[in-house]
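The following paragraphs walk through a few local features of one model. Please keep the sequence and the coordinates open while reading.

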Amino acid sequence: MDPLNRRLLKRLALAALAAALAYWLVGAAAEPISAAVCAVLAAALILVLAYDSDLRERASDIDRLQRINIDLAQQAARDEVRQLIEAVAEPLLIVDRELIVLRANAAGRALLGAGIEGETLTVFLRQPGAVEAIQSVSLTGQPAEGEVQFLSPTEGTFAVRANVLNLDDGRILVAMRDVTKSRLMERMRVDFVANASHELRTPLATLIGFIETLQGPASEDKAARVRFLDIMAQEAARMARLIDDLLSLSRIELDKHVRPSTPLDLRPLLTQVGQTLAMRLEADSRRIEQHIPESLPPVIADRDQILQVLHNLVSNALKYGRSGTSITLTVSVVDSPPSGQLPHVRIEVADQGEGIAPEHLPRLTERFYRVDTARSRQMGGTGLGLAIVKHIVEKHRGEMQVSSTLGVGTTVAFTLPLAGRAGAGDGGPRP
Ligand SMILES: Nc1ncnc2c1ncn2[C@@H]1O[C@H](COP(=O)(O)OP(=O)(O)OP(=O)(O)O)[C@@H](O)[C@H]1O
Ligand SMILES: [Mg+2]
């Protein structure tokens, strides 16, 4: 018999027993009709009481089921939140009012420490600005932002944004965004504008000074006028060169993702550089020694840009090499390079001169970086030559290398991908 029928049978038996007891008790003292009524009433009372207790039992069962449902829903929601925040690439934390970390995603644990969950955030994040921002969220309910600098395990700057996640229990979502690169770019932009303005201001100040002198004290001095006008012409030419170089750099940067696609024969270009600089070479008793292999396959390159690279490098060799020494131009074909590299041509420009101290080597391709600023300026240099070379070589998917020995000389080498080789980007459609 199933439990429901057994319970019904038990209740009916109890009601019958109560009826019999009532009938027997009342029947002994009064007439049988009253005893029968009492017996019915007693049975009914027992049945009503049993029904009521049934109802109450059922209500508590429903209550319990509802509680289980709510628990399950909360658990599911918690799991969903965990999955969601784990899927986010940026560091995310959920903290309570006391800034105890309830959850941290993988990026958050990697940034702040594997054992951050359950700990107070301030132990891991000792930056008052960011902590105050997070605390203010629990006080005002309004989103707040801050910034944190990390020195270890990786150095970087992170923007922190805190939002209320749940108003009732005061949980706060803390999102962090790596802004290291954009801060660096901002810094570089500011530095660049400051440097460019400074570079322009120097010749401009010289020009203004000479103009004032020529208008005033030297107005009648013919010899001074000739000398001053000469200097003014040099300074104006330097300003024009600076502007040309700046425009050149920005043009290269603008389309730095557009890879050159035309095959180029290097030999005529190497000859042309010698011709362009012939007068300067002769004036300093210098000559270019060329070592070029008999058969030189074409490379993938932009003619004008490679001419600019060669011009800048040979100019440097001329400026910083010793008078009377030769400049060596060596070209070699690297047909089977180590894995990871494309077959390429390597071009080296070497001079015999003062050389460059090792501490300067890593910074030479920075804009406006010079080993001896005054000397470079005096020679009409803008300090942008090697920065332009680096950008052009990178755009061609080549590599650049500077090696130097103090007192001996400097060699600058760069590579260009060979045309018609797999992956060389020679622009033609591939099967
Ligand atoms: N061959 C070299 N030998 C010695 N020092 C060199 C050589 N090439 C470059 N340098 C150093 O590197 C610095 C940067 O060179 P870069 O070509 O960028 O600028 P620059 O020659 O001063 O000016 P410009 O913009 O006219 O080329 C130079 O100022 C010089 O100090
Ligand atoms: Mg130069």
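Does Leu99 count as buried, exposed or partly exposed, and why? The model is a predicted one, and the answer rests on a count of C-beta neighbours. Leu99 has 19 of them inside 10 Å, and therefore counts as partly exposed; a buried residue would need 20 or more. As for its position, Leu99 lies in the loop that runs between strand S1 (92-95) and strand S2 (101-104). Its backbone is worth a look as well: phi of Leu99 is positive, at about 65 degrees, although the residue is not a glycine.

Phe368 sits in the loop between strand S10 (344-352) and helix H11 (373-378). Phe368 is not a glycine either, yet has a positive phi of about 70 degrees. Because 19 C-beta neighbours fall inside 10 Å, Phe368 counts as partly exposed.

From loops, turn to a pair of helices. Helix H10 covers residues 303-320 and helix H12 covers residues 385-395; their axes come within 9 Å and cross at roughly 145 degrees. The crossing of H10 and H12 is left-handed. On the H10 side, the contact is made by Gln305, Gln308, Val309, Asn312, Leu313, Ser315 and Asn316. H12 contributes Gly385, Ile388, Val389, Ile392 and Val393. What is the make-up of this contact in nonpolar, polar and charged residues? Between H10 and H12 there are six nonpolar residues, six polar ones and no charged ones.

Notes: Residues numbered from 1 in each chain as written. Chains lettered and ligands numbered in written order. Predicted model: local features only at pLDDT ≥ 70, side-chain atom pairs only at ≥ 80, totals over all residues. Axes fitted to C-alpha atoms, helices over the stretch in contact; angles between N-to-C directions. Helix = DSSP H or I, 4+ residues; strand = E, 2+ residues; numbered from the N terminus. Left-handed = near helix turned anticlockwise from the far one by under 90°. Contact = placed C-beta atoms within 7 Å. Nonpolar A, V, L, I, M, F, W, Y, C, P; charged D, E, K, R; others polar. Buried ≥ 20, exposed ≤ 12 C-beta atoms within 10 Å, placed from the backbone.
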